[in-house]
Amino acid sequence: MADGSSRIQDARAQAYATPLEDFHVGDPALFATNTHGPWFERLRAEDPVHWCRDSEFGAYWSVTKYNDIMAVDTNHAVFSSDAALGGITIRDARPDLRRPSFIAMDPPRHDAQRKAVSPIVAPHNLAALEPIIRERAATILDALPLGETFDWVDRVSIELTTQMLATLFDFPFEERRRLTRWSDVATTIPMKGGLVETEDQKQAELMECLNCFLGLWNERVNREPGNDLISMMAHSDATRNMSPDEYLGNIILLVVGGNDTTRNSLSGGLLALNQYPDQYTKLKADPSLIPSMVPEIIRWQTPLAHMRRTATADIQLRDKTIHKGDKVVMWYVSGNRDEEMIEDPEAFIIDRPRPRQHLSFGFGIHRCVGNRLAEMQLRVVWEEVLKRFDHVEVVGEPRRVHSSFVKGYETMPVRIRA
């Protein structure tokens with residue numbers, strides 16, 4: 001399988017020939033073609049805090065180095081996530097569609113709402129979920145065809161994560177693919193020929209999502225508290241009086257957080273092992289490396305390319321003055337390739353000395369609440385894959401998502417040797 005090296009060489013030539021003032025690393029096309037790397041490489045070296053004066057998303061700062069990203073991510077007093085200021089992605093929602101959710105809030109509201117759902121990933125809950133994940137992974141893998149090409153994204157990555165989501169929400173299991181659709185719609189950029197073509201179509205589908213989840217809320221709010229996310233929100237003082245908009249904001253956050261990240265790491269890990277066959281050989285020789293491979297997959301893939309903040313005051317970062325109201329984008333995908341912090345960062349190395357040194361889960365108060373669940377799902381799937389198959393081969397170029405937020409795969413053709 002080609003690794004696109006000639007495409008990357010062309011991108012590098014273009015990145016180094018383009019004046020820095022014309023850089024727009026948030027262009028979704030760079031991610032759809034997997035050519036973003038050289039553009040970030042140059043920014044890290046020459047202009048690590050970079051001002052993009054104009055783009056389809058407006059003007060924005062790019063923060064591209066590991067320690068600078070940490071400085072922004074852990075300073076929620078100056079760098080706000082508030083939905084009312086624009087939220088957490090490079091693309092501003094229309095002012096009438098800015099839905100709050102706990103990731104798009106500042107303290108103290110953020111802390112109280114996050115606390116309402118965090119029991120879902122408490123250690124005793126994770127221990128109870130592991131055998132369920134293992135049983136489902138086994139069923140999914142045992143049903144895969146041998147000796148013929150199929151789509152790993154659909155048959156494995158989406159199916160496993162969507163089953164998990166249905167369990168976390170206690171959502172009707174046979175309707176679980178609706179969760180996948182809503183997750184994809186929530187993060188897509190409407191465009192001709194895309195997943196949705198207009199903002200109105202996108203909002204109509206999200207209203208379907210809200211109406212479905214309102215029905216589930218109404219069933220559970222008058223029952224004894226259950227061990228699912230909807231029940232936890234319905235019975236928490238911090239979340240029981242949410243507006244419908246806020247409820248939908250939190251549902252979308254939990255669906256996307258539980259779906260896109262794990263799903264794209266499941267696909268990205270397989271791609272990485274195919275692009276670095278020496279690591280695949282090493283893994284098969286020693287499956288005890290899986291726990292250190294999992295965080296390396298999450299670093300190498302970086303399933304969410306960025307998070308955005310809005311400055312609430314003027315502040316100096318390196319030699320730049322960020323002004324109150326400026327949009328600030330933390331490029332996790334670049335920080336995870338920072339040569340000063342991570343040795344040989346472009347390479348996929350399953351036995352790195354400190355594999356958890358990555359930015360994919362964020363830092364500070366907004367660090368991913370489900371990070372341990374994501375790691376557990378990846379670990380269990382790879383344990384089960386290695387029990388069954390000598391080799392899962394990626395046999396064609398994956399089709400990537402047209403997004404500079406979700407860094408993922410729409411399809412990935414693979415074949416398992418008979």
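Me: What makes the meeting of the Arg 178 and Glu 175 side chains a salt bridge?
Reply: A salt bridge asks for a side-chain nitrogen of Lys or Arg within 4 Å of a carboxyl oxygen of Asp or Glu. For Arg 178 and Glu 175 the N to O distance is 2.9 Å, so the pair meets the rule. Before we go on: this is a predicted model, where local features need pLDDT of at least 70, side-chain atom pairs count only at pLDDT 80 or more, and totals for chains, interfaces and linings use all residues. Residues are numbered from 1 along each chain as its sequence is written, and side-chain values use heavy atoms, with hydrogens and water left out.

Me: Why is Arg 178 called partly exposed?
Reply: Its relative accessible area is 32%, and partly exposed covers what lies between buried (under 20%) and exposed (over 50%), using a 1.4 Å probe and protein chains only. Glu 175, at 31%, is partly exposed too.

Me: Which residue forms a salt bridge with Arg 176?
Reply: That is Glu 159, with the closest N and O atoms 2.7 Å apart. Arg 176 sits in the loop between α7 (152-169) and α8 (177-187), while Glu 159 is in helix α7, 17 residues away. Helices here are DSSP runs of H or I with at least four residues, numbered from the N terminus. Both Arg 176 and Glu 159 are buried.

Me: How many salt bridges are there by this rule?
Reply: The count comes to 40. One of them joins Glu 219 and Arg 223, whose closest N and O atoms are 3.7 Å apart. Glu 219 is partly exposed at 43%, and Arg 223 is partly exposed at 45%. Elsewhere, shared partners tie Glu 130, Arg 134, Asp 142, Arg 379, Glu 383, Glu 384, Lys 387 and Arg 388 into one network of salt bridges.

Me: Why is Thr 188 counted as buried?
Reply: Its relative accessibility is 15%, which falls under the limit, so the word applies. Thr 188 lies in the loop between α8 and α9 (199-220). Leaving out residues up to four places away in sequence, Thr 188 touches Arg 91, Leu 195, Val 196 and Lys 202, where touching means heavy atoms within 4.5 Å.

Me: Is Leu 373 buried or exposed?
Reply: Leu 373 is buried, at 6%, and belongs to helix α15 (residues 371-388). Among the residues it touches are Val 121, Leu 126, Leu 129 and Met 164.

Me: Why do the buried residues of α5 line one face of the helix?
Reply: In α5 (residues 109-117), the buried residues are His 110, Gln 113, Arg 114, Ala 116 and Val 117. Seen down the axis, they fall within an arc of 150°, so they line one face; the arc is taken from the directions between the helix axis and the C-beta atoms. Here is the background: an α-helix has 3.6 residues a turn, so residues three or four places apart point the same way. The cover over the buried residues of α5 includes α10 (229-234) and α11 (244-275).

Definitions and conventions
Helix = DSSP H or I, 4+ residues; strand = E, 2+ residues; numbered from the N terminus.
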